[in-house]
Amino acid sequence: PSLGYMQARDALLPWRSLRANVELGLEFAGVRRAQRRERAEEALRLVGLGGSGDRFPRQLSQGMRQRGNLARLMATEPQLLLMDEPFGALDAQTKDGLQEEFLRIWQDRVTTVVFVTHDLAEAVLLGDRVVVMNAGRIIDDIRVPFARPRNLVELRFDAQFQELVRSLWPLLAPGAGSDKEHAILNGHPSEV
């Protein structure tokens, strides 16, 4: 019950309204109907979908469905969020908006998030740490130096941000990080 999981695709049930989809986790947890509805409405407002609860997934854009998916996740108030490329299937403009929205919600709710992404800029924009994997192995663990709260629009143009993202690219090359990987795995990250 303390774990929330969000996939790259929304996974909303097409036969349920958006509100009923948001209530699903609460239903499984045995939350009473009136409280489920209240929490679902609050979660929908939180992600900017207040008033859309009676609509069905087929009536929503991909971005709205992902926000509905995020509302479903937040309604259960998990302590740990596992997010598997939740914005990867979205167009650039929708993705930027959802990143801003997610960051605002996350900062207000203060919970632990493990966010998987192939987008290095997204990792640096949203994360406090970037753990880089190559060929299924951890090859680096980098602390992100930017304070919170963050203005993602300004941060994208910051020279330090751009340099950090640029420095991560070589870590994704085939065979990259063998020396760093050895130091990290042997408990000597200071040698990296």
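A pocket is an open set of points on a 1 Å grid over the protein atoms alone, with protein on both sides within 12 Å along at least five of seven lines. Its lining residues have an atom within 4 Å of a point, and its volume is the space filled by probe spheres set on the points.

The model is predicted, and local features need pLDDT of at least 70. Residues are numbered from 1 along each chain.

**The largest pocket**

Select Phe115, Val116, Arg129, Val130 and Val131, the closest to the centre among the 21 residues that line the largest pocket. The space there is about 700 Å³. Next, colour β3 (112–116), α5 (120–126) and β4 (129–134), each of which supplies at least two lining residues; helices (H or I, at least four residues) and strands (E, at least two) are DSSP runs. The lining comprises 14 nonpolar, four polar and three charged residues.

**The second largest pocket**

Move to Leu3, Gly4, Gly25, Arg72 and Thr76, the closest to the centre of the second largest pocket, which is lined by 20 residues. Its volume is about 420 Å³. Two or more lining residues come from each of β1 (3–6), α1 (18–28) and α3.

**The core**

Finally, select Leu70, Met83, Phe102, Val124 and Leu168, which touch the most other members of the largest nonpolar core, a set of 47 residues. Such a core joins buried residues (under 20% relative accessible area, 1.4 Å probe) of nonpolar kinds from Ala to Cys through side-chain atoms within 4.5 Å. Helix α3 (residues 62–75) gives the largest share, six residues. Around Met83, contacts (heavy atoms within 4.5 Å) include Leu70, Phe102 and Phe115.

Terms used
Predicted model: local features only at pLDDT ≥ 70, side-chain atom pairs only at ≥ 80, totals over all residues. Heavy atoms only, no water. Buried < 20%, exposed > 50% of the residue type's maximum accessible area, 1.4 Å probe, protein only. 1 Å grid on protein atoms, 1.4 Å probe; cavity = no way out; pocket = protein on both sides within 12 Å on 5 of 7 lines; lining within 4 Å. Nonpolar A, V, L, I, M, F, W, Y, C, P; charged D, E, K, R; others polar. Lists of a residue's contacts leave out its neighbours within four places in sequence.
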